[in-house]
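Dear colleague,

Please find below the structure I wished to hand over to you. My notes on its salt bridges and on one of its helices follow.

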Amino acid sequence: MNPGLFWGQIITVYGCGGALVSGTIPPHCSTSHCPHSWCNGLGAIAYDSRSTLIVMRGILTGQHYVDDILRSHVGPFLNGLSEAIFQQDNARPHTVRVAQGFLRHFQTLPWLARSPDLSPVEHVWDQLKRQMPSRHSVQDLELAVQDLWAHLPQDNTRCLINSMPDRVAACIAAGGGPTRY
């Protein structure tokens, strides 16, 4: 199989937490102890589309991941694509038994721990973080993240996905160590 075609079938999803909103919320809510300070943005990207971005506050548990993300959003998104392969990182909510049980109905790509440079969606989150303006409230932050996600150029996602064969080759050449990506 052509590596580019293979990576074009991969659907990636990742929850991006505090790092997404770093420096964009009021100082009185900038610690992990403030329940209003942490947003979790979850979305899926594909070669020709992307899912709705779901913004959640607080800690994402495995059961919430299944009920509020996989069953409600990711499942229907995957079902709308032909020959999709689902990829996610190994964050705790992704690996719990209930999440793995739900995902047995979909083709999934096993993923190595600590390999964010191999995940195209990590670079999407990085792009969103760099474009994130400062906001004075968590509500304003949520609206800004939604707007940035909605206006993310699909060509950027295609470019990232097209670069996957080179990313994998660089990772192999580096013996699994850091790469220029």
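The side chains of Arg-158 and Asp-155 form a salt bridge, with N and O 2.7 Å apart (a salt bridge is a side-chain nitrogen of Lys or Arg within 4 Å of a carboxyl oxygen of Asp or Glu). The two residues are 3 apart in helix H8, about one helical turn (helices are DSSP runs of H or I of at least four residues, strands runs of E of at least two, numbered from the N terminus).

The model is predicted: local features need pLDDT of at least 70, and side-chain atom pairs count only at pLDDT 80 or more, whereas totals for chains, interfaces and linings use all residues. Residues are numbered from 1 along each chain as its sequence is written, and side-chain values use heavy atoms, leaving out hydrogens and water.

Arg-158 also forms a salt bridge with Asp-48, the closest N and O atoms being 3.1 Å apart. Because Asp-48 lies in the loop between strands E2 (39–45) and E3 (54–57), this pair ties helix H8 to a part 110 residues away in sequence.

Arg-158 is partly exposed, at 23% relative accessible area, while Asp-155 is exposed at 54% (buried means under 20%, exposed over 50%, partly exposed in between; 1.4 Å probe, protein chains only). Asp-48 is likewise exposed, at 58%.

In H8 (residues 154–162), Gln-154, Thr-157, Leu-160 and Ile-161 are buried. The face turned away from that buried side carries the exposed residues Asp-155 and Cys-159.

Kind regards
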